[in-house]
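These are my notebook entries on a structure that I examined for contacts between side chains. I began with charged pairs and then turned to rings and strands.

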Amino acid sequence: MPGCHPLEIWHGSAGYLGPAGRYHARMTITAATVESFLDSTRDERLESYFELLRIPSISTLPEHAPDMRRAAEWIAAEMRRIGLDNVDVARTPGHPIVYADWLHAPDAPTVLVYCHYDVQPVDPIELWETAPFDPHLRDGRVFGRGSADDKGQLHMHLKAAEALLATRGRLPLNLRYVFEGEEESSAISLPGWLEANRRRLAADAVVISDTGFFEGNIPAMTTSLRGILYVQIDVVGSPVDLHSGGFGGAVQNPANALAKIVAALKADDGTVLVPGFYDDVAPLSKEERFELSCLPFDEEAFRAQTGVPLLVAGEPGFSVLECMGIRPTLDVNGIWGGFTGEGSKTIIPAHAHAKVSCRLVPDQDPEKLFEAFRDYVLEVAPKGVTVEVQNLGTARPMRTDTKNPVAMAAARALEATFGQAPVDIRSGGSIPVAALFDSMLGLPVVMLGFTNPDDNAHAPNETMVLLNYETGLRTITQLWDDLGSMSPQAARLGGTTA
């Protein structure tokens, strides 16, 4: 754009990143006072972001339980500092759930905001270019575990509330915040906490910020989530490892047995072989398949991003996009057992294990499928070993109503700030709490996320594009202003379908 500094990057009608990454928004996007506050506090905001990212809040590893508590307390302290009410770090059987609210807009809607503060383990650590919990800014991106999934988006919500409260002394609507610490480990504690806090969570809608943009970093609204079934297969032979020369050929090898089981789960063409796996899959309409085919998907660019030489659709007759978002899957997530160190150790391992996840679509029932999966594994298991199948967690698939007033307002806010109307996308991932908000609390769910599609979530070198963070922060303030002009009745129209 003529007149811009060489480092300035224009982004639609939203604004630009100037020297040192400073964001400049057009004054029509948010009130000038809010924008001035955001611009003047940019450096402090970035350091606060880094401070949260430095806490290694890995929920699935027991040794990080103190870090989980520290992250929850850090968030609670921020909530108190910026002026939110009823801040609570709730103890659960697992990790804490952080709650806060601001309920001083009697004629405006109430929105419940959900994010999670736990992060994935960092393995394989050797593939990280820098330390996972030593965040830094480079080439317009924030690098560090949790920068995108999901601490970055949680932090955006804190800073949006801070900007509004600091400049106006109030929020344009009522907000409740639920920040969870077990999303990356199946959210085991959340259902009980939701049930016990039904009254406390009364709202007109839920906004979940744990999703992202479409390929090419195109603004997007996620309109569906796949569910999940996560299991562990344990195969046990002898009580101890056996000498492979002395016992080989006489006993069943648990690692060989596990390999046979895993090989029996899928056909060569990618079809899942578990009996009944596809029985309840809702068929795709012509309209759904047409909508997906119209998305600006560059398969070659996507292949280059993944680093794999060939994209293979998971099922015959379905496109790559369909297989990634609206068809069910079965994937082995990890296998271990026996000797895996340097050199040789000729043993028959005493046991072998595998973790397997199934991504599910409407109308698949994860509990029903677990029973089918377990029964099939026991059926195909070779003789001479003991096999156990554990259910490590489930979540139901869901779709949202894009005509819900809050969803429509979110789409307007994205277009106003990013300068481009968002596309509707179907996520291949799972957010266990989304279906719970619908089924347990009866609340319409809107999934408003801002991460760049090349964020490396769950992988080494996780990264958030700073422009997504800064512009997304302004999207949130824009959305709150828009919803604040609605009546609670208007915001409640619409809903979700599980």
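**Entry 1: Charged pairs**

I looked up Arg138 and found that its side chain meets that of Asp139 in a salt bridge, at 4.0 Å from N to O. I note here that the model is a predicted one. Arg138 is partly exposed, at a relative accessible area of 29%, whereas Asp139 is exposed, at 71%. I also found Arg138 lying over the face of Phe143, 4.1 Å from the ring centre.

I then asked how many salt bridges the structure holds. The count is 27. One of them joins Arg42 to Asp43, with the closest N and O atoms 3.4 Å apart. Arg42 counts as buried, at 6% relative accessibility; Asp43 is partly exposed, at 45%.

I noted a network of salt bridges as well, which links Glu35, Arg45, Glu470 and Arg474.

**Entry 2: Asp101 and its strand**

I looked up Asp101 and found a salt bridge with Arg176, the closest N and O atoms being 4.0 Å apart. Arg176 lies in strand E9 (residues 174-180) and Asp101 in strand E5, so the pair ties together parts that are 75 residues apart in sequence. Are these two residues buried or exposed? Arg176 is buried, with a relative accessible area of 11%, and Asp101 is buried at 3%.

I next followed strand E5 (residues 97-102), which pairs with strand E4 (residues 85-90) in the antiparallel sense over 4 bridges. The two strands form a hairpin, with 6 residues between them. Across this pairing, Asp85 stands opposite Asp101.

I recorded one further charge over a ring: the charged end of Arg200 sits over the ring of Tyr99, 4.3 Å from its centre.

**Entry 3: Aromatic pairs**

My search of the whole structure gave 8 aromatic pairs. In one of them, the rings of Tyr49 and Tyr469 have centres 4.7 Å apart and planes at 10°; I class the pair as stacked because planes under 30 degrees apart count as such. Tyr49 belongs to helix H2 (residues 42-53) and Tyr469 to helix H14 (residues 466-484), so the contact ties together parts 420 residues apart in sequence. Tyr49 is buried, at 0% relative accessible area, and Tyr469 is buried at 1%.

I then examined Tyr114 and Phe437, whose ring centres are 5.9 Å apart with planes at 70°, so the pair is edge-to-face. Tyr114 lies in strand E6 (residues 110-116) and Phe437 in helix H13 (residues 432-439), so parts 323 residues apart in sequence are tied together. Both residues, Tyr114 and Phe437, are buried.

Lastly, I recorded that ring pairs link Tyr49, Phe50 and Tyr469 into a cluster.

Methods:
Residues are numbered from 1 along each chain as its sequence is written. This is a predicted model: local features need pLDDT of at least 70, side-chain atom pairs count only at pLDDT 80 or more; totals for chains, interfaces and linings use all residues. Side-chain values use heavy atoms; hydrogens and water are left out. Rings of Phe, Tyr and Trp (its six-membered ring) pair if their centres lie within 6.5 Å; planes under 30 degrees apart count as stacked, over 60 as edge-to-face and the rest as tilted. Buried means under 20% relative accessible area, exposed over 50%, partly exposed in between (1.4 Å probe, protein chains only). A charge sits over a ring if NZ of Lys or CZ of Arg is within 6 Å of the ring centre and within 35 degrees of the ring normal. Two strands pair if DSSP finds at least two bridges between them.
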